[in-house]
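Colleague: Could you take me on a close look at how the helices pack in this model, and at the pocket that goes with them? I would enjoy one connected walk through it.

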Amino acid sequence: MLKPVPPGPDGDQLEAITAGMYPYLVNLQQHGEFVAIDLGEIRTAVVYDLDAIYRILGDKLQHIGMAALLQRLSHATGSGLLTNYDWATWHPRRRRIVKPLGARAVSRFHERMVAIITSELDAWPTGSEFDLHTAVRRMTLRVVADLLFSTDLDDDAAAIIDTAVEEIHAWAEADPANADLDNEPETFQAAIAALHSLIAAVVDARDPEHPGDDMIGVLIDASSEPHSALDATGIRDEAVTLILAGHETVTNTVSFALDLVGRNQHTRDAPPRHIVDETLRLYPPVHVTNRAVVADLDLGPVVVPAGWEILIPEYVLLRSSRYFERPSEFLPHRWTDHSPLRLERRAYFPFLTGPKFCVGSHFALLEATEAVGRFLDRFQHEMLDPEPPWGREFALSFAPDRPLPCRLALR
């Protein structure tokens, strides 16, 4: 006999969750570790239990499929790794892509990455107000373009990518229930078409025999291998995925990190990697994870039926006193080897875990650490908005919900 998910509040809870997702998900936990709710007529199991979460994230796409939110994103990323839940194509692609993005391999991009970060910081103004998030976004866009294309972006190409990213966010935020997945706005269609054309032009200009050692070259080279499951469309989709995942997540992490240090000046001498780790705890790039259940999924105490969705509230877990001492405070030293602050490392999975673990995590951590460290070596900074930012909860990544006005001074 199936062990059903215990019910939560009665009725459709979409209005309640859109009114304030974080407090809603915090309060929902009073109903238990597994809570069944309705979200826009989608039966959803909210899961707080770590053992069950690791079972969900460890599933090899046998019981887990693409949730409605990712179906929306797939209109831009197609069959890319992020939105691909077909094991026959996803697995060989991931195996081919993960190696050039591994810890050792990304070191070959390190020197160029540092040069780009340094040149961007050279241009940041001192003494006058400017938006930190916009400046960080430009810097990370140049870095991911170098990873993908081994070339700097001209202004037209940067505008194409920026517009596409903004249109994807706007489309997701306009329909939190994901009730209408088909009627793409004309502005969205135009932005994605322009991005696809940009990538196609780069691919078409490459020599198939010597495509280069950047990620576009890796993808072109992989497409010639037997059983690679990569064609021209697949190359394009993986490039879009890397732009969205690699550019947006690092932008948000660096922006939040510098804002946090600006508001907590006593932390500015902490190791940059610890600053990044603590930022990822407070502002994880993916703050909730959604999965569709395609076959009854036994999680031990409960079974989630096929046809439901699962919601994992990462940012609730990462800010929980159950797992992290003084959880609401920005304390980079909690990540030192001998920190007296208690933490549960299993509750810390900002890049997920299991088969869908982020293939670009090593690159993202290297870039974020370098950007934060080199910024703090160069500048003193003051955040000018007395109200700290929060994340855009219905965007596809947890981006700051407002500009980050800042004033810099050279150290």
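Modeller: Happy to! A crossing is called right-handed if the near helix is turned clockwise from the far one by less than a right angle, and left-handed if it is turned anticlockwise. Please keep in mind that this is a predicted model.

Let us begin with helix 10, residues 215–223, and helix 11, residues 232–263, whose crossing is right-handed. Their axes lie 10 Å apart, and the two helices pack at an angle of about 150 degrees. Angles over 145 degrees count as roughly antiparallel, so helix 10 is roughly antiparallel to helix 11. From helix 10, the contact takes in Met215, Ile216, Leu219, Ile220 and Ser223, while helix 11 brings Ile235, Glu238, Ala239 and Leu242. Sorted by class, this contact of helix 10 with helix 11 holds seven nonpolar residues, one polar and one charged.

Next comes the pair formed by helix 12 and helix 14. Here the axes come within 8 Å and cross at roughly 120 degrees, and this crossing is right-handed. On the helix 12 side you will find Pro272, Arg273, Ile275, Val276, Asp277 and Leu280; they meet Leu365, Ala368, Thr369, Val372, Gly373 and Leu376 of helix 14. The class count for this contact of helix 12 with helix 14 is eight nonpolar, two polar and two charged residues.

That pair leads us to the pocket. Helix 12 (272–282) and helix 14 (361–378) each supply at least two residues of the lining of the largest pocket, which holds about 170 Å³ of space. Among the lining residues are Arg273, Asp277 and Leu280, and these three also belong to the helix 12 side of the contact with helix 14. Leu365 is another lining residue that takes part in that contact, from helix 14. The rest of the lining is made up of Tyr348, Phe349, Pro350, Phe351, Leu352, Phe357, Ser361 and His362. By class, the lining has eight nonpolar, two polar and two charged residues.

One last stop is Ala105, in the loop between helix 5 (87–98) and helix 6 (110–122). Its C-alpha atom is separated by 9.2 Å from that of Phe363, although the two residues are 258 apart along the chain. With its neighbours within four places in sequence set aside, Ala105 is in contact with Lys99 and Pro100.

How values were computed. Residues are numbered from 1 along each chain as its sequence is written. This is a predicted model: local features need pLDDT of at least 70, side-chain atom pairs count only at pLDDT 80 or more; totals for chains, interfaces and linings use all residues. Side-chain values use heavy atoms; hydrogens and water are left out. On a 1 Å grid over the protein atoms alone, a cavity is a set of points where a 1.4 Å probe fits but cannot get out, and a pocket is an open set with protein on both sides within 12 Å along at least five of seven lines; lining residues have an atom within 4 Å of a point. Grid points are joined across faces, edges and corners, and a volume is the space filled by probe spheres set on the points. Helices (H or I, at least four residues) and strands (E, at least two) are DSSP runs, numbered from the N terminus. Ala, Val, Leu, Ile, Met, Phe, Trp, Tyr, Cys and Pro count as nonpolar, Asp, Glu, Lys and Arg as charged, and the others, Gly among them, as polar. Axes are lines fitted to C-alpha atoms, for helices over the stretch in contact, and angles run from 0 to 180 degrees between N-to-C directions. Angles under 35 degrees count as roughly parallel, over 145 as roughly antiparallel, 65 to 115 as roughly perpendicular and the rest as oblique. Contact means heavy atoms within 4.5 Å.
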